[in-house]
Amino acid sequence: MPKRDAHLQFQKWAQEYGPVYSLILGTKTLIVLSSDVAVKDLLDKRSAIYSARQDMYIGMTLCSDNLRFLMMDYGPRWRMVRKLVHALLNVEAARSYVPYQVLENKQMLFQMLEQPDQFLQNIRRYSNALTTSMVFGWRTATYDDPKMIQLFEGFGEFAKINQTGTAALIDFYPPLRWLPDWVLTTQRKARELHKQERALYVGHWLNAKNAVRDGTAQPCFCYDLAKSQKDQGFSDAQAAYVSGTLLEAGSDTTSSTLYGFVQAMVLFPEVQKQAQAEIDRVVGSKRLPTMEDEPQLQYVRGCVKESLRWMPTTILGAVPHAVTKDDEYMGYHIPAGAGVLNNVWTINMDPVQYPEPREFNPARYKDDLQNAAEAASNSDAHKRDHFTFGAGRRICPGMHVAERSLFLGISRLLWGFEFSPAIGADRKPIIPDANKLTQGFVCMPEEFPATITPRSKERAAVITTEWKEAEEALLDPVSKQWKQVPEGMSFSAHGKL
């Protein structure tokens, strides 16, 4: 197993051994699925037995105290949490959060005008503020918010720890767990990370819970969560990790995908021009694109899908599934307890399904009118747009919200800005390497510079006016939080205490 870029080794093995192969890792077996058909046949069609998790001592026990939804084993507690999460993230609920998305998007655009060299920070604040609004009812107004910085740094460390060879050794050879921390420092790091993370998540949850009790909360997931806790009696720690898991997933994956999109625009200027031409034809130069424009912006919809395919954040399917009983597939015996990995990178880069897979080509989707959920549930595996959201009962429940956030982000960034390579000290363009990715089970492009400029003074003025008017009308001048419940949103969709 390589120390970095494991996705390339998994791809190489798939080319050599086919769409289904296995690895013997210590005392455990890992089945690797590297084709769309194999994922559909097993993780989707046989999800009743392919939705469990293997024992993950570092990630679930030490880092998460057995509370993290992402790694939770399939059973009654997982189903309870999944039901709560579905209430926040189903397609109908996703539509109700558009006021949050629109506001945060306007601030991101304005910050791109003011500080274009900090585009990663602008993107991260956008995704984080949107997620905190939906989950907790309050927004992150600035990037230098220490709790947001802790979230991104902490989740990055969590992803790294759980992708290291040491973590795998401890998971695959259980007797090693009895060794002291000074021998296996990964265990000490995991415990320290959990202590910091738990304090962050519990603090967020208790603040939201108190706001619900005081009647000062905005519509948010924690309104439902507080009601469910009252009815079902689960602990504050469990509630904190349910809401915290949504926070880390929504903040990190959406921002990483948008960051990858910016890189694609730098590398593929002809795509940028074609997308902007479509936007100009449909929207014009006097207003920002809206969700109502989406049906007429098929090429931009393709940019969203291609961003998720071309730079998959869950590059090896995040966390492997596990099979609960012996099974047979393609003549292979799959033993009960085996891990089952959705090899997302290899599937998304299939040259048969996606010719020239490292080319960013939104035209692949010119006839694909499905949203991500419809594509994932399509009975024809070849008609799925990408596999970045996972599969089966473990599929990302936030795909509806993510698609809307990405469409608004991508369409408006293209409407307002030009993206080009940064110029180095030698006066030559700095071309980012699309194959240099951060390490961990959730990844993004390695940091790169870019030049981001407004397409015109007229468009810059629209962006400035839109943000200033929204800021004055909707936000408290001191706290920068919503003055009142956003128009079109109500607590009726979130239950009552």
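User: Which residues does Phe417 touch, not counting residues up to four places away in sequence?

Analyst: In this predicted model, Phe417 touches Leu109, Met112, Leu113, Gln272, Gln276, Ile452, Thr453, Pro454, Arg455 and Ile463, leaving aside residues up to four places away in sequence, where contact means heavy atoms within 4.5 Å. Residues are numbered from 1 along each chain as its sequence is written, and side-chain values use heavy atoms, with hydrogens and water left out. As this is a predicted model, local features need pLDDT of at least 70 and side-chain atom pairs count only at pLDDT 80 or more, whereas totals for chains, interfaces and linings use all residues.

User: What makes a set of residues a nonpolar core, and which members touch the most others in the largest one?

Analyst: A nonpolar core is a set of buried Ala, Val, Leu, Ile, Met, Phe, Trp, Tyr and Cys residues joined through side-chain atoms within 4.5 Å; buried means under 20% relative accessible area, exposed over 50%, and partly exposed in between, with a 1.4 Å probe and protein chains only. The largest such core has 139 residues, of which Phe10 and Phe417 touch the most other members, and helix α12 (residues 236–267) gives the most to this core, with 14 residues. Apart from it lies another core of 17 residues, among them Ile31, Val39, Leu42 and Tyr50.

User: Why are α10 and α11 called roughly perpendicular?

Analyst: The axes of helix α10 (residues 185–214) and helix α11 (residues 221–232) come within 9 Å and cross at roughly 85 degrees. Angles under 35 degrees count as roughly parallel, over 145 as roughly antiparallel, 65 to 115 as roughly perpendicular and the rest as oblique, and α10 and α11 are therefore roughly perpendicular to each other. Where they meet, Trp205, Ala208, Lys209 and Val212 in α10 face Cys222, Tyr223, Leu225, Ala226 and Gln229 in α11.

User: How do you know whether Ala217 is buried or exposed?

Analyst: Ala217, found in the loop between α10 and α11, has a relative accessible area of 10% and is therefore buried.

User: What makes Asn66 count as partly exposed?

Analyst: Asn66 lies in the loop between α3 (57–62) and α4 (76–89), and its relative accessibility is 34%, so Asn66 counts as partly exposed. Asn66 also has a positive phi of about 60 degrees although it is not a glycine.

Notes: Helix = DSSP H or I, 4+ residues; strand = E, 2+ residues; numbered from the N terminus. Axes fitted to C-alpha atoms, helices over the stretch in contact; angles between N-to-C directions.
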